[in-house]
Amino acid sequence: MSAMPAPSYLRTRPVAVGHWRAFLAVARHLNFRAAADELALTQSAVSRQIQALEDEVGVPLFLRHTRAVELTGAGVQLHRAVAPALDRLDAAVRQVRQMAGRRSVAIATWASFASMWLIPRMEEFQRAHPDIDIRIDTSDSVVDLDTADVDLALRWATPGGATPGAERLFGEQLAVVASPWLLKSMPPVRQPADVARFALIEAGDAHRQPYFDWITWGRWFEANGLGGLQPQRWLYLNYAQQIAQAALAGQGLALARMPLVAQSLAAGDLVEVLPGHRLDAPLAYWLVMGPRSGERPEVQAFRAWLLLQAEATRAAVGGPD
C-alpha cells in the first residue's frame with residue numbers, strides 16, 4: 001500500500017513589503033537586472049527576494065526563460081491586487097508627510113453637493129484661514145466617522161434618517177429653472193401645464209433610491225394637478241450637477257434643488273420659472289462632526305463657517321429652514 005502524500009499547510013504570516021516591491025519591479029520590467037537597478041540592489045538580492053516570496057506564497061510567480069521573464073497566472077492575479085494596494089500606501093505616506101505639523105480639516109460629502117454648494121463658497125474660508133489645509137472626499141457612500149480619517153460629513157437625509165447629533169443646515173425645496181435664453185426663444189410659461197412644451201430634465205435613477213421620488217417631475221405634476229402630463233421629451237441624468245448643467249446649457253427645464261442652484265439664480269445664469277409653484281420635500285442637509293474632531297480649533301472654525309453659509313443659503317432660497 002503506497003504512502004499517503006504529506007498534507008500541505010498554507011502559510012498565514014504576512015509577506016514582507018520589501019518582497020512585494022521586488023515583485024512589482026520585476027513584473028514591471030520583466031527583467032531581473034532592470035528591477036535590481038530600479039531598487040538599487042544587486043541582481044542576486046532581487047532574485048533571493050522573489051524566491052522567498054514564491055516560497056511564502058507557495059507557487060511560482062514568474063517563468064524564467066533564457067532571455068526573458070514572464071508572469072505566471074498566479075503572478076498576474078497577485079499583481080492586480082498588490083500594485084494598487086502599494087500605490088494607496090505610498091499615497092497615504094506622502095499625505096501624512098505633507099500634513100505633518102499642519103492644521104487641516106477633512107470633509108466627506110457627495111460630489112454634486114461639493115461642486116455645487118461647498119467648493120464655490122470655499123474662497124471666503126481660505127482667505128480668512130490661509131493656514132488651514134482642506135481635503136474634500138466625495139462619495140455616494142455614507143462614511144463611518146468612527147473609523148474614517150474624516151473630521152466632518154455633509155449629508156442629505158430625511159429628518160428621521162439623520163445621524164444622532166447631526167446639525168441641520170437647511171431644508172429641501174424644488175423649483176422649475178431654465179436658462180434665460182431658452183425662455184426667450186419659447187412662448188412664455190404662465191401656468192404649470194405650459195412646461196409640457198419643453199424638454200424636461202429628470203433624475204434618471206430617482207426610482208432606485210428611497211425618498212428620491214420627492215425630487216421628481218411626477219411629484220411636481222401631482223402637486224399641481226397634472227397627473228397625466230407628458231412633456232415634449234425627457235432628458236434623464238443621474239446627478240444634480242448634471243441636471244443643473246443641462247439646464248444652464250438650455251437643454252430643457254429642470255426641477256432643481258434650490259439650495260444647490262441658489263448662486264446660479266442669484267447670478268442670473270438660471271431663471272426660476274413659476275416661482276409660485278415650488279415643491280417642498282421632507283429632506284434636509286445635515287452637518288455631522290467626527291467624534292475625535294470637535295475639540296480642534298481648525299475644525300471648530302470650519303464648522304462655524306459652514307453654519308454661517310447655511311444661514312445665508314436659507315435666506316437666499318427663502319424656503320423651509
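Student: How are H5 and H8 oriented to each other: roughly parallel, roughly antiparallel, roughly perpendicular or oblique?

Tutor: This is a predicted model, where local features need pLDDT of at least 70, side-chain atom pairs count only at pLDDT 80 or more, and totals for chains, interfaces and linings use all residues. Residues are numbered from 1 along each chain, and side-chain values use heavy atoms, without hydrogens and water. H5 (residues 111-128) and H8 (residues 240-248) pack at about 50°. Under 35 degrees counts as roughly parallel, over 145 as roughly antiparallel, 65 to 115 as roughly perpendicular and the rest as oblique, so H5 and H8 are oblique.

Student: Which residues of H8 does H5 meet?

Tutor: Contact means heavy atoms within 4.5 Å. From H5 come Ser112, Ser115 and Met116. Their partners in H8 are Ala240, Gln241 and Ala244.

Student: How many charged residues does the contact of H5 with H8 have?

Tutor: Asp, Glu, Lys and Arg count as charged; Ala, Val, Leu, Ile, Met, Phe, Trp, Tyr, Cys and Pro as nonpolar; the others, Gly among them, as polar. Three residues of this contact are nonpolar and three are polar. The number of charged residues: no charged.

Student: Which element gives the most to the lining of the largest pocket?

Tutor: H5 and H8 each give two or more residues to this lining, and strands S3 (103-109) and S5 (152-157) are also among the contributors. The top contribution is five residues, and it comes from S5.

Methods
Axes are lines fitted to C-alpha atoms, for helices over the stretch in contact, and angles run from 0 to 180 degrees between N-to-C directions. Helices (H or I, at least four residues) and strands (E, at least two) are DSSP runs, numbered from the N terminus.
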